[in-house]
Amino acid sequence: MTKYLFRIDDVAEEMSNWDNFEKLCKVFKKYKIKPIIAVIPDNKDPEIKGKKKKGWIKLIKDFTIAQHGYHHLKTGTGGLNKLNPYGEFAGLSYKDQYDMIKKGRDILIKKGLKINTFAAPWHSYDKNTIRALDNLLFYHISEGLNVHEHYDSVIWIPVSDWKISKKLIGTRTLTMHAQDITPKKVDIIKQFIKENRKDIISIEEINPFGRSRFSLYWFYFWFRYAYHSPLPRLIKWLKN
Ligand SMILES: [Zn+2]
C-alpha cells in the first residue's frame, strides 16, 4: 500500500508567500495532517527574501520541523544524490558541515522548535553530511531516491515526487516549495487529502523495520544504535 507524506521546502522567517502558506497550513490542521516543514535556520538566499511574519513559529510548531540546511547558499556541490550540480554541504569538510548543521539546529531550537529531521537544500549531501547528522543524533533524513524508507546511520525517508498525484507503491514524499504555493495548488492538495486521507502519514509513524521486525536487520539496527553513543541518544529520546 502506498503511504504519503507532505514536505514544504524553503520556509524562512522572512519570505514572500506567507498568505498562501498559511492557507495550506489551515488545510493540514483541519484534516489533522502533520507535514514536514523544511525551515531554513538563518536564510541568506536572496531569492527567498520577503517579509517577516508575526507568530510564524506558532503556525508551524505542531508540524514535523526539518532543518533545511543553514544559510541556504550554494557553497557546496551536488553530492551523492546528483539532482542538482550544487548544494550547501556536499564537498565541504566534515568539520565545516558538522559546525554548520549544529549552528543551524541551535538557532531553530532557540526559537522553540523540535529538530530531529534534516532536509538538505537542493537535495545535496555526501558521506560527511550523513556522519555529521549521525553524530548530532538526528533521527531522520528526508532525502534519497528510493521508494521505501530504510535505515543507514539515520532513518531515510525518500524524496522523489514533486507532483501531487497518486503513486503505485512506496512511501512517497510529495514535495513543494513554499514560494510556489498558490490558491489553486491549495485546492489541489485539499482534494488529494479528501480522497487519500487514510494513506497520509507523519514522519513519526514511520518504522523502517515494519515488516521485518524480527529480521537480522532489526537486530543490527538496535546493536548499532545502542553501541553508538547510547547515553546521549537515550537522554535526547527521553527529553522528546
Ligand atoms: Zn531549499
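I count two residues as in contact if their C-beta atoms, placed from the backbone, lie within 7 Å.

**Entry 1: the model.** I am working with a predicted model, in which local features need pLDDT of at least 70, side-chain atom pairs count only at pLDDT 80 or more, and totals for chains, interfaces and linings use all residues. Residues are numbered from 1 along each chain as its sequence is written. I take helices (H or I, at least four residues) and strands (E, at least two) as DSSP runs, numbered from the N terminus. The chain has 7 helices and 12 strands. I call a residue buried if 20 or more other C-beta atoms lie within 10 Å of its own, exposed if 12 or fewer, and partly exposed in between, with C-beta atoms placed from the backbone. Of the 240 residues, 35% count as buried. Among contacts with a separation of 6 or more, 71% come from residues 24 or more positions apart.

**Entry 2: Thr-75.** I looked up Thr-75 in the loop between strand E5 (64–67) and strand E6 (76–77). Thr-75 touches Glu-88 and Leu-92, leaving aside residues up to four places away in sequence. From Thr-75 to Ala-90 I count 15 residues in sequence and read 8.5 Å in space, C-alpha to C-alpha. Thr-75 is partly exposed because 18 other C-beta atoms lie within 10 Å.

**Entry 3: the sheet.** I traced an open sheet of 8 strands with mixed pairing, in the order E10-E11-E9-E8-E5-E3-E1-E12. Strand E10 (150–152) and strand E12 (171–177) are at the edges with a single partner strand each, so one side of each has no neighbour in the sheet. For pairing I require that DSSP finds at least two bridges between two strands.

I then went through some of the pairs. Strand E1 (residues 3–11) pairs with E12 in the parallel sense over 7 bridges, and Leu-5 stands opposite Thr-173 in E12. Strand E3 (residues 36–39) runs parallel to E5, joined by 4 bridges, with Gln-67 in E5 as the bridge partner of Val-39. E5 and E8 also run parallel, with 2 bridges, and Ala-66 has Thr-117 in E8 as its bridge partner. Both faces of E5 are covered: Thr-64 and Ala-66 are buried on one side, Ile-65 and Gln-67 on the other. Strand E9 (residues 140–141) and strand E11 (residues 154–156) are parallel and share 2 bridges; His-140 has Ile-155 in E11 as its bridge partner.

**Entry 4: helix H4.** In helix H4 (residues 127–135) I found Thr-129, Ile-130, Ala-132 and Leu-133 buried. They lie on the same side of H4, because they cover an arc of only 160° around the axis; the arc is that of the directions from the helix axis to the C-beta atoms. Their cover includes helix H3 (94–110), strand E8 (117–118), E9 and E11. Just after H4, I noted a positive phi of about 65° at Leu-137.

**Entry 5: H1 and H5.** The axes of helix H1 (residues 18–30) and helix H5 (residues 183–196) come within 10 Å and cross at roughly 10°. Asn-20, Lys-23, Leu-24 and Val-27 of H1 meet Pro-183, Val-186, Ile-189, Lys-190 and Ile-193 of H5. I sorted these contact residues into 6 nonpolar, 1 polar and 2 charged. Here Ala, Val, Leu, Ile, Met, Phe, Trp, Tyr, Cys and Pro count as nonpolar, Asp, Glu, Lys and Arg as charged, and the others, Gly among them, as polar.

How values were computed: Axes fitted to C-alpha atoms, helices over the stretch in contact; angles between N-to-C directions.
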